[in-house]
Amino acid sequence: MNLRDALQTQTLVGDGALGTLLYSYGIDQCFEDLNRSHPDEVLNVHKAYVEAGAEIIQTNTYGANYVKLSRYGLEDKVKEINTAAIKIAKQAAAENNYVVGTIGGTRAISKQAVSLEEIKRSFREQLYCMLFEGVDGLLLETFYDFEELQTVLQIARKETKLPIIAQVSMHEPGVLQDGTSLNEALTTLENIGADVVGINCRLGPYHMTQALEGVPLPKKAVLSAYPNASLPAYQDGRLVYKTDADYFKTSARSLYEEGARLIGGCCGTTPEHIAAIAEEVKGKKPIQNKVVSPAKAEVETPREIEDTNPHLHEIAAERSSIIVELDPPKKLNTDKYMRGAQALRDAGVDSVTLADNSLASPRISNSAIASIIKQKYDINPLVHIACRDRNLIGLQSHLMGLHTLGITEVLAITGDPTKIGDFPGATSVYDLSSFDLIQYIKQLNQGISFSGKSLGMNTNFSVAAAFNPNVRNLNRAVGRLEKKIKYGADYFISQPVYSGEQIREVYEATKHISAPIYIGIMPLTSSRNAEFLHNEVPGITLSDEIRKRMESVSHDPALAQAEGIAIAKSLIDTAAELFNGIYLITPFLRYEITVELTNYIKEVNQQRSERTVLNGNNTISSASIK
């Protein structure tokens, strides 16, 4: 009987974790390469599962693709490793066993980690190895990114008529990380052509059963479940799972009653777990009818939003807008900072922006300072969020905290690497890129957590993204803007620009983009400051003319500051003609400089408005600038 027919008439038992057993033997390397280097070890694991009662065994190829093998320098061994794995599994299989070629998910949280085109290429290479060696079916498992699974399933279904098992992984029971319900996801996979749809990894039997309670029996496909042994504990530098086989026997019965026709194990499971599953469900006729438990609705009264002020991207779309960066102090005395914040508020800026440990140097928490200036001075703070410093858990917690504080303006940035800062030995986290962070913040705006679970209410973040025009290929930088808009960016804040001509070039290159752009202007304070910015700070380039002007007054600090302000004003003259948004960056907490420039911008805008009234359409009106 072929595998497809067997799934229609029987409840089948899958195997358990390969990596867990190999890991327990003290092998801590690329598990897939063991197919070449230690084939007997892999063979013994397969045989142990067969003896335990597994009817379907999977090849040791979960990560045997170009992308994952490249981490070990084995990217040119894809065919060799997959071929060896399939032959070993076939050698272990008894007469009534089926061998399925396993292909695992590549993406986890970040879509930017691997492009979809690279995933397609890598998947096809591994798939063809499976088909050439003649497996009984395919197992697509541990896919957190639903887009990736749909993509590779479509490829596999087009290339083969073999039965395909397609399994998603969830952070939370019943919902994928993008908020798609499990029921909807499995229905989609069935419609694409999967013969078996199900779930594996991350969750133990309890939560996996809970997730299946809301899933009806598929119309054509059948259900599968491969739970982890339990939630893992971390002991002595190793992940340890509970190993209660009797509990797994009871759990297998629950999964069977929820309609699962293929039941195996994932992380932490051993032959003892599989033997318990086999004892309970092997040979049972599949469940034909099922009562679906309705999903429990989360009832929560949304908190009334007290702050009805428009977001910065809405302001800049309608009128001239000024935001000023005033970085939190590096030391604990905040007196000067608070004086600066109040002075900027009095000058009438639309927002004070607060960097997130810029240049990888620690400062007072920008969310703490933002909360204080919002409450004390009624300032609308724009909080920068760097991917560098927080993992996925910390990022969501940070954003939930900002929402709770009523802070809704954020700038999503990747962040400077730690090696350039005060603690070069510190770790850069980078769970997400700025693109991913933008997308996940917009997911919070839909009331969905990073894990896909409901938050009970929506956040209301306006998301700014960074724009660096100081590059050789401006069109490429504009392409990144367009990509960030697709991910959900509402507006952009540029790195400081030091040339009127460059501001005009930016305008011409971005005038097709409807999202507002705040042009960055940072006044120089000395020739040394200019040379440091030009030569050492990533993303900042000064023209030779500007550097010469600052050098000419290097003998007198007062003249140097005055010259820096004069340069900034000349840049403002150009920027104010072409862009509604201007982003002033305060140097060294010298807020009196940015206050002066704020007043200058207001004067320039007032004069332009008066000229517009006098001259009608002979000048560029505020409605026509970016």
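This is a predicted model: local features need pLDDT of at least 70, side-chain atom pairs count only at pLDDT 80 or more; totals for chains, interfaces and linings use all residues.

Colleague: Is Phe 588 buried or exposed?

Modeller: Phe 588 is exposed, because its relative accessible area is 55%, and the cut-off for that word is over 50%. Its backbone also stands out: phi of Phe 588 is near 55°, a positive value in a residue other than glycine.

Colleague: Why point that out?

Modeller: Most residues other than glycine have a negative phi.

Colleague: Got it. And what is the phi of Tyr 430?

Modeller: Tyr 430 has a positive phi of about 55°, although it is not a glycine. You'll find Tyr 430 in the loop between strand 14 (409-413) and helix 17 (434-444). With a relative accessible area of 31%, Tyr 430 is partly exposed.

Colleague: Helix 17, you say. Is Ser 434 in that helix buried or exposed?

Modeller: Ser 434, which is found in helix 17, is buried, with a relative accessible area of 4%. Leaving out residues up to four places away in sequence, Ser 434 touches Cys 387, Ala 412, Ile 413, Thr 414 and Lys 484.

Colleague: Let's zoom out. How many helices and strands are there in the protein chain?

Modeller: The protein chain has 23 helices and 18 strands. Its C-alpha trace spans about 90 × 55 × 50 Å along the principal axes.

Colleague: And what share of the residues count as buried?

Modeller: Of the 626 residues in the protein chain, 55% count as buried. The chain exposes about 27700 Å², and carbon and sulfur atoms supply 48% of that area.

Colleague: What about contacts along the chain: what percentage join residues at least 24 apart?

Modeller: That would be 78%, taken among contacts between residues at least 6 apart in sequence.

Colleague: Nice. Now the inside: how many residues has the largest nonpolar core?

Modeller: The largest nonpolar core has 100 residues. Those with the most contacts inside this core are Ile 373, Leu 399, Leu 437, Ile 493, Tyr 498, Ile 521 and Leu 584. Helix 22 (residues 557-578) gives the most to this core, with nine residues. Apart from this core lies another, of 70 residues, among them Leu 21, Ile 57, Ile 164 and Leu 186.

Colleague: You brought up helix 22. How is Leu 578 placed, buried or exposed?

Modeller: Leu 578, in helix 22, counts as buried at 10% relative accessibility. The C-alpha atoms of Leu 578 and Tyr 507 are separated by 6.7 Å, with the two residues 71 apart along the chain.

Colleague: Let me jump to helix 16. What does Gln 396 touch?

Modeller: Not counting residues up to four places away in sequence, Gln 396 touches Leu 444, Ser 449, Phe 450, Ser 451 and Leu 455. Gln 396 belongs to helix 16 (residues 392-404) and counts as buried, at 15% relative accessibility.

Colleague: And how far is Met 400 from Ser 449 in space?

Modeller: Met 400 and Ser 449 are 9.5 Å apart, C-alpha to C-alpha, and 49 residues apart in sequence. Met 400 is found in helix 16 and is partly exposed, with a relative accessible area of 36%.

Colleague: Last topic: what volume has the largest cavity?

Modeller: The largest cavity has a volume of about 60 Å³. Its lining residues include Asn 65, Ile 103, Gly 104, Phe 123, Phe 143 and Glu 148.

Colleague: Which helix gives the most to that lining?

Modeller: Helix 7 gives the most, with four residues. By type, the lining of the largest cavity divides into five nonpolar, five polar and one charged residue.

Notes. Residues are numbered from 1 along each chain as its sequence is written. Side-chain values use heavy atoms; hydrogens and water are left out. On a 1 Å grid over the protein atoms alone, a cavity is a set of points where a 1.4 Å probe fits but cannot get out, and a pocket is an open set with protein on both sides within 12 Å along at least five of seven lines; lining residues have an atom within 4 Å of a point. Grid points are joined across faces, edges and corners, and a volume is the space filled by probe spheres set on the points. Helices (H or I, at least four residues) and strands (E, at least two) are DSSP runs, numbered from the N terminus. Ala, Val, Leu, Ile, Met, Phe, Trp, Tyr, Cys and Pro count as nonpolar, Asp, Glu, Lys and Arg as charged, and the others, Gly among them, as polar. Buried means under 20% relative accessible area, exposed over 50%, partly exposed in between (1.4 Å probe, protein chains only). Contact means heavy atoms within 4.5 Å. A nonpolar core is a set of buried Ala, Val, Leu, Ile, Met, Phe, Trp, Tyr and Cys residues joined through side-chain atoms within 4.5 Å. Accessible areas come from the Shrake-Rupley method with a 1.4 Å probe; for residues, only the protein chains shown count as cover.
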